[in-house]
Amino acid sequence: MIHMQIEFTHIDFLVGDVDILQNMVTTPALQTFSSEVIDFLADLSKALLKDPKTRPFVDIISYAYWIRRASIESVRQKHEDHSCRMGRGVAFHVAPSNVPVNFAVSMTSSILAGNCTLIRVSQKEFPQVDLICNAMNELLNTTHKNMKPYFCIIRYEHSDEITAELSSVCDVRIIWGGDNTIETIRKTPIPARAIEMAFADRHSIAVINSNQYLNEDPEEVAKGFYTDTYYTDQNACSSPRLVVWTGTAVEEAKEKFWNYMELLVKKDYPMKPIQAVDKYTSVCLLAMKGTGYHLISSDNYIVRMEVDHLTPDLMDYKNGGGYFFEYTAEELDEIIPVLTKQCQTISVLGIEQKAVKEMVFRNGVRGVDRIVSLGQTMELAFIWDGYKMIESMSRFVYIGEDR
């Protein structure tokens with residue numbers, strides 16, 4: 001046991017306790033994809049799917065399906081070298097405040113890698129966090145007591161001292177947050193052999209072929225785009241903020257697409273006054289930048305700014321809650337100016353993902369870590385922001401050839 005020099009009364013333990021936290025530094029690492037971890041996740045999946053209180057939360061249900069035994073076994077089979085991998089030790093995660101279930105997604109990669117998993121969740125309280133933690137506690141206190149030493153989920157007010165103490169004993173530090181959050185935490189050192197993974201501010205775009213869109217079910221497309229964007233108020237890095245149109249039926253497709261989106265948004269989306277003010281502010285700031293920007297909006301539910309040209313700084317004027325840039329392209333390469341290091345995901349409809357990948361590679365683009373279908377940007381995955389999560393959080397044990 002290592003006695004940490006912090007005041008534990010300032011820490012709220014959602015999962016685990018002081019003893020578990022202090023013992024993590026000596027708790028044995030697990031083999032990657034260990035059977036006890038897969039068993040725990042499988043039972044957590046069942047518990048979440050069975051709990052009627054989770055049903056209103058699409059993100060919890062998606063997470064529960066993602067960690068089903070069959071799903072995890074499928075992923076394990078793709079990691080052919082897992083038998084030579086094990087956890088690095090203690091993984092300290094700083095979870096974001098904008099995506100409630102992100103902490104559990106990060107936790108899953110970490111525990112499958114074989115690490116003791118210590119997570120600081122946001123002070124912003126989400127029912128999803130409580131529901132998942134409650135289900136974990138039930139399992140860790142009954143059928144999965146063997147896994148109890150491997151989890152601590154905590155909450156504390158901003159404290160450089162606590163963050164520094166937890167960082168000093170970690171073997172992996174995973175920071176989810178804005179650029180300022182990452183910059184602040186990085187001032188705190190980690191042990192010499194520890195590694196760090198940072199997930200900073202990003203933005204994403206959608207590319208739609210207008211001709212193909214007109215052959216799709218507009219209600220289904222709208223539902224998918226709503227999930228990509230409005231479900232998280234566009235706060236997720238993977239949420240499209242720019243919609244690029246291609247093809248020969250752009251105007252017809254635009255009108256149909258946004259009409260169906262408006263019907264859905266007005267029915268399901270709770271607009272907040274502050275969002276309307278923020279979007280208006282962004283419109284004004286962009287208008288001050290110069291010409292080539294055209295506001296298309298009948299109300300605050302969907303604010304569209306048509307742009308005549310794309311520039312690397314366009315996303316400096318982004319906003320959430322239904323604020324979109326729009327651009328019409330004759331060639332796919334026209335989107336290159338916005339594919340900066342900050343660009344994470346390109347979602348497509350009627351465009352071959354392979355063609356987008358070839359464009360990215362051909363131009364040596366520094367951004368773009370994901371290319372997915374429209375409606376799938378929030379899909380959970382073990383590859384994120386260019387990291388293979390499980391590989392990055394584990395270590396490979398090399399075995400030399402016999403001589």
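In the predicted model, Asp385 is placed in the loop between strand 15 (383–384) and strand 16 (387–388). Although Asp385 is not a glycine, its phi is positive, at about 50°, and with a relative accessible area of 12% the residue is buried, the limit for that class being under 20%. A second residue with this backbone feature is Phe33, which is not a glycine either and has a positive phi of about 60°. Phe33 lies in the loop between helix 1 and helix 2, and because its relative accessibility is 5%, Phe33 counts as buried. Most residues other than glycine have a negative phi.

An α-helix has 3.6 residues a turn, so residues three or four places apart point the same way.

Two packed helices are described by the angle between their axes and the distance between the axes. For helix 3 and helix 6, the axes come within 10 Å and cross at roughly 35°, and the crossing is right-handed. Asp59, Ile60 and Tyr63 of helix 3 make this contact with Gln128, Leu131 and Ile132 of helix 6. Helix 6 also meets helix 2, the two axes coming within 10 Å and crossing at roughly 125°, and helix 2 and helix 6 are therefore oblique to each other. The crossing in which helix 2 passes helix 6 is right-handed. On the side of helix 2 the contact involves Phe40, Asp43, Leu44, Ala47 and Leu48, which meet Leu131, Ile132, Ala135, Met136, Leu139 and Leu140 in helix 6.

The largest nonpolar core comprises 75 residues, of which Tyr63, Phe103, Phe151 and Ile153 touch the most other members. Helix 6 supplies the largest share of this core, with 8 residues. Apart from this core lies another, of 30 residues, which includes Ala329, Ile335, Cys343 and Met359. In soluble globular proteins, nonpolar side chains tend to be buried together. When neighbours within four places in sequence are left aside, Phe103 is in contact with Ala95, Ile119, Val121, Val129, Ile132, Cys133 and Ile153.

Ile153 is also among the contacts of Phe13, which, with neighbours within four places in sequence again left aside, touches Phe8, Val18, Leu21, Cys152, Ile153 and Ile154. Phe13 lies in strand 1 (residues 12–15). Although Phe13 and Arg155 are 142 residues apart in sequence, their C-alpha atoms are 6.6 Å apart in space.

Helix 7, formed by residues 160–168, has Ile162, Thr163, Glu165, Leu166 and Ser167 as buried residues. The elements against which the buried residues of helix 7 pack include both helices and strands: helix 1 (18–23) and helix 8 (179–186) on the one hand, and strand 3 (90–94), strand 4 (116–120), strand 5 (151–155) and strand 6 (172–176) on the other.

Definitions and conventions
Residues numbered from 1 in each chain as written. Predicted model: local features only at pLDDT ≥ 70, side-chain atom pairs only at ≥ 80, totals over all residues. Heavy atoms only, no water. Core = buried A, V, L, I, M, F, W, Y, C linked by side-chain atoms within 4.5 Å. Buried < 20%, exposed > 50% of the residue type's maximum accessible area, 1.4 Å probe, protein only. Helix = DSSP H or I, 4+ residues; strand = E, 2+ residues; numbered from the N terminus. Contact = heavy atoms within 4.5 Å. Axes fitted to C-alpha atoms, helices over the stretch in contact; angles between N-to-C directions. Parallel < 35°, antiparallel > 145°, perpendicular 65-115°, else oblique. Left-handed = near helix turned anticlockwise from the far one by under 90°.
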